[in-house]
Amino acid sequence: MNTTPPNVAEVCAIVAAKQYDLNFTTDVPDELKSDPEVIACILENCSLDFTKLPEQAQNDPAILRMVVKEAPFEYENFPEWARDDRDLTLAAVTETADAFKYASERLRGDRDVVSAALSARPSYDTIAFVSDSSLLDDVAIILQAVQGHNQAYAHIPEQWRADPAVLDAVIAMDIDASSFQLFPDAYRDNDEIALKAVTDDGSSYEYVSARLRADRTFALRAMTANGDALRYLPEEMKDDKEVVLAGLKAGDGLQVSGISDRLKSDVDVALTAVKSDNRALQYLTPERRNDERVINACLDGTGAAYEYFGDRFKSDIAIATTMAGKWGFSLEHAPDIIRNTRNIVRRAVETDANNYKFIGDGLKEDMDFLRELHAVNERILYHVDDDIKNRLFVTRIKTEEHRGTVLELALTLEDSFVDGNQRLALGSVVTRAGTPLVELSRFPVLVYEDDGPIGSYLTARSTNGLMIVGDFLFFVRRNTGAETWSNHLAGEKFAPGWGPEAQTTTDFLNHEVYLVPETIAHLDYASIPSLPRIYFGSEDNIPRGVQAIATEDHYREALTALEQKKNHGKSHYVRVDDHTLRVKSSPADEIFGAARVFVDGHGWRFLIPHDGGAMKSLERLRQTDDNDDKAWIRQQTGEVTAYQRELLRRHFGDDVLG
Amino acid sequence: MSSADLSEQSASPLWPVMDGHFIYPRSLDVIRSESGRSLARRLRGLDNGMQVFLRGSRLESEEPFHRADCDLLVVYDSRDQIRELAAVLPSNIIYDIRLIPRARHAENFDVYALLHCRSHQLCGPPMQRTPIAADSDFAWRHWLQYCPAGIPSTLDSRSSHALFHFKSLVRCFGVLSFLREGKFTRDIHTCIAIAGERDPAFAHKLIGLRNSLERAHAATMDVHDILRHLSTEFDSSVGDE
């Protein structure tokens with residue numbers, strides 16, 4: 001391994017490559033953590049945590065100048081002497097006024113620094129941190145403050161709040177209610193100034209003089225200018241139809257929540273409110289929520305208003321159909337008749353899969369309809385319970401009958417693509433004449449690894465499943481042998497936190513073959529290691545037999561066969577229907593019920609049927625040799641295929657059967 | 001290699017075809033990026049029998065994306081060879097290396113095609129390149145590799161597999177381009193352009209997703225319309241066996 005520490009150029013290359021994924025502590029060598037070029041590169045490509053710099057760098061004026069220009073917000077972390085440095089502080093406050101509060105007391109009383117802070121996008125309270133009272137007596141400074149931020153008025157010394165020049169400056173900007181609140185009485189009683197304040201900020205209405213609050217003419221003008229002020233009207237005016245309508249037209253229909261109960265029942269008011277925002281319906285009286293004119297006016301808005309419709313309108317098919325296609329509509333508030341109407345439910349689910357939770361009980365039992373819903377919005381699977389999922393979205397992959405047995409694999413292909421890096425099958429079953437012999441419950445057909453340099457590649461580690469060979473059943477874990485850099489044997493994870501753990505042996509590339517005795521009727525994945533393992537190695541010494549999914553390629557082929565109307569290539573599957581595949585038969589390495597298998601310590605052998613069962617067969621194999629297998633085969637009678645003859649020639653090296 | 005071949009900053013993303021086979025383009029005899037050439041100089045002396053191939057943007061582009069990985073294919077016989085390689089590779093580069101046992105180098109069709117048609121050998125005994133039939137079987141095998149049937153209809157950029165799904169989805173358009181016009185590419189940018197020719201909305205969606213992935217912004221993208229299109233167009237482009 002290359003032990004030469006990286007130089008500046010190499011570190012900068014790392015910085016440029018990793019950008020915001022850079023770990024300053026581990027990626028930058030200690031000896032380069034104070035290097036100006038490296039720091040400049042970090043500032044250019046990502047963000048610098050000033051507190052992680054060595055003390056030497058934190059006190060280096062050149063570095064501080066660089067940082068204050070590129071990352072002025074770090075000024076608050078500068079050492080004390082730097083925050084008392086005029087040039088650095090001026091540079092910081094010019095970029096961001098927030099830096100001003102961290103400057104030394106001395107500099108917070110420096111006119112040039114104060115002026116710079118108030119000039120460049122000051123905060124509302126920058127003025128409050130000025131340390132020299134003589135500056136606070138200077139009208140030029142005060143004017144800078146109020147002209148820099150429309151909320152600064154509340155933070156200037158009180159003696160300035162009645163100054164006409166200052167007030168003129170505040171009024172010239174957008175008047176904020178927090179400022180208007182503090183205006184002298186005469187200003188808050190001035191029609192034009194008060195109207196501007198309300199126009200700029202509707203909540204200023206709360207602070208107009210008592211005279212103006214009682215003035216209907218002013219109220220009409222204010223509502224017309226800014227409907228947001230409606231909520232601040234005095235109570236008697238909240239019952240004034242003309243005033244209220246002016247406010248609703250100029251503002252937000254939801255403001256109707258604050259008006260008088262009498263007006264909440266007014267048709268004109270109701271129509272104006274819901275046309276602005278149909279959710280205003282919730283604040284209106286029951287009479288209006290059952291008013292056809294008002295409901296019709298709601299139909300152009302969001303689906304969320306449906307919740308507030310009167311019952312007879314909720315039950316209206318045409319209305320529910322219209323609203324179901326709109327954002328915000330929820331079947332939760334719909335009557336049963338709507339929740340059991342197919343086209344409405346379909347529209348609602350298409351818009352929002354959450355609506356599946358509220359569909360009528362009658363529809364929940366209609367499997368064909370649920371499939372339709374899935375077709376319009378796959379995300380209903382997040383809400384479908386497992387029982388229905390198992391009944392509805394199961395794909396079955398079945399082998400052809402082989403020596404009287406059939407192997408079937410059940411998968412829910414449509415749900416979470418990969419769950420915890422496993423592609424789970426609901427189960428696998430081997431049957432004979434329709435009677436289950438062995439059932440393997442919920443197991444991963446595919447096991448994946450997050451692979452690649454950033455863990456974003458999906459590499460299959462193994463394909464798992466039952467296999468029939470002869471009269472025997474096996475569980476096979478077929479390793480893909482895939483290996484990327486993250487699995488190398490250098491002893492370290494390639495990129496900390498990403499990818500699979502580095503391996504110290506090559507066991508992770510091994511295949512495994514287990515013998516499943518006929519005495520086991522129910523098998524779960526966790527108990528597989530307790531079965532006799534006959535092979536563990538990286539060579540392709542896997543028996544050839546009957547499987548539902550043998551490799552990852554087969555799995556992808558199965559998915560594609562189901563999805564595509566047409567197929568191509570030497571497909572291993574025949575699409576029977578939308579949810580069923582049949583595995584095309586292929587030769588198995590077997591003869592007369594004996595299975596050709598590789599057994600550790602014994603090589604390729606024939607596992608020969610035994611009256612005592614599969615374990616006895618294995619015991620016999622370990623106690624005999626190839627010649628015994630050959631002798632047994634020669635004793636058998638029955639038809640032998642050309643494939644089997646060739647198999648025997650390959651295995652024994654001669655024509656066993658003559 | 002003529003200057004005209006080098007006049008472009010990047011090699012053509014389309015795989016050249018001659019006499020019905022994909023061939024290794026001579027333009028890839030030259031490594032276009034300086035970082036790729038630097039790597040080649042470093043590995044030139046590695047003489048332990050393993051074969052190392054450079055592919056991807058550091059081979060094909062004069063200015064690869066500054067965050068691009070270094071894509072290598074390594075055909076090896078023993079793990080000692082891998083250790084020796086680890087000792088000489090520069091440590092300041094992020095690698096995406098496929099380690100291929102020599103006995104299994106033909107098992108993954110996608111990788112096999114890259115090896116023979118789209119990678120530049122850096123060291124080891126010269127590999128005899130095999131032209132690969134540019135036929136519907138090539139398309140089908142790549143279609144299975146990308147497996148659009150297995151891509152979720154909603155892609156979430158925050159998912160650890162989002163990049164994998166995105167690339168698979170996009171590359172399907174490269175397969176369709178081959179089926180329709182005989183032009184195959186894996187290049188993401190080109191595949192997105194092909195998608196845009198089908199429907200500008202597809203390109204818009206894919207570009208948005210790509211940007212979210214590159215900038216690590218949270219975004220979900222409903223791609224069921226793209227998946228449906230892929231399925232339909234593939235069906236109309238090939239026949240039953």
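The following legends describe close-up views of a predicted model.

View 1. A polar contact at 3.2 Å joins the side chains of Asn464(A) and Ser462(A). Beyond neighbours within four places in sequence, Asn464(A) is in contact with residues including Phe443(A), Val445(A), Val447(A), Phe475(A), Arg477(A) and Tyr525(A).

**View 2. An open, antiparallel sheet in chain B.** Three strands are arranged in the order β1-β2-β7. Strands β1 (17-18) and β7 (132-133) stand at the edges with a single partner strand each, so one side of each has no neighbour in the sheet. Two bridges link β1(B) to strand β2 (residues 21-22) in the antiparallel sense. Met18(B) has His21(B), in β2(B), as its bridge partner.

**View 3. The largest nonpolar core, with 130 residues.** Phe183(A), Tyr205(A) and Phe309(A) have the most contacts inside this core. Helix α19 (residues 267-276) of chain A supplies the largest share, six residues. A second, separate core of 49 residues includes Trp143(B), Ile151(B), Cys191(B) and Ile226(B).

**View 4. Contacts of Tyr205(A).** Apart from neighbours within four places in sequence, the residues in contact with Tyr205(A) include Val198(A), Leu212(A), Arg213(A), Phe218(A), Met223(A), Tyr232(A), Pro234(A) and Met237(A). Among them as well are Ala219(A), Ala222(A), Ala229(A) and Leu233(A).

Note on methods:
Residues are numbered from 1 along each chain as its sequence is written. Chains are lettered from A and ligands numbered from 1 in the order in which they are written. This is a predicted model: local features need pLDDT of at least 70, side-chain atom pairs count only at pLDDT 80 or more; totals for chains, interfaces and linings use all residues. Side-chain values use heavy atoms; hydrogens and water are left out. A polar contact is a pair of N or O atoms within 3.5 Å; within protein, one must be able to donate a hydrogen and the other to accept it, and residues adjacent in sequence count only if both atoms are side-chain atoms. Contact means heavy atoms within 4.5 Å. Two strands pair if DSSP finds at least two bridges between them. Helices (H or I, at least four residues) and strands (E, at least two) are DSSP runs, numbered from the N terminus. A nonpolar core is a set of buried Ala, Val, Leu, Ile, Met, Phe, Trp, Tyr and Cys residues joined through side-chain atoms within 4.5 Å. Buried means under 20% relative accessible area, exposed over 50%, partly exposed in between (1.4 Å probe, protein chains only).
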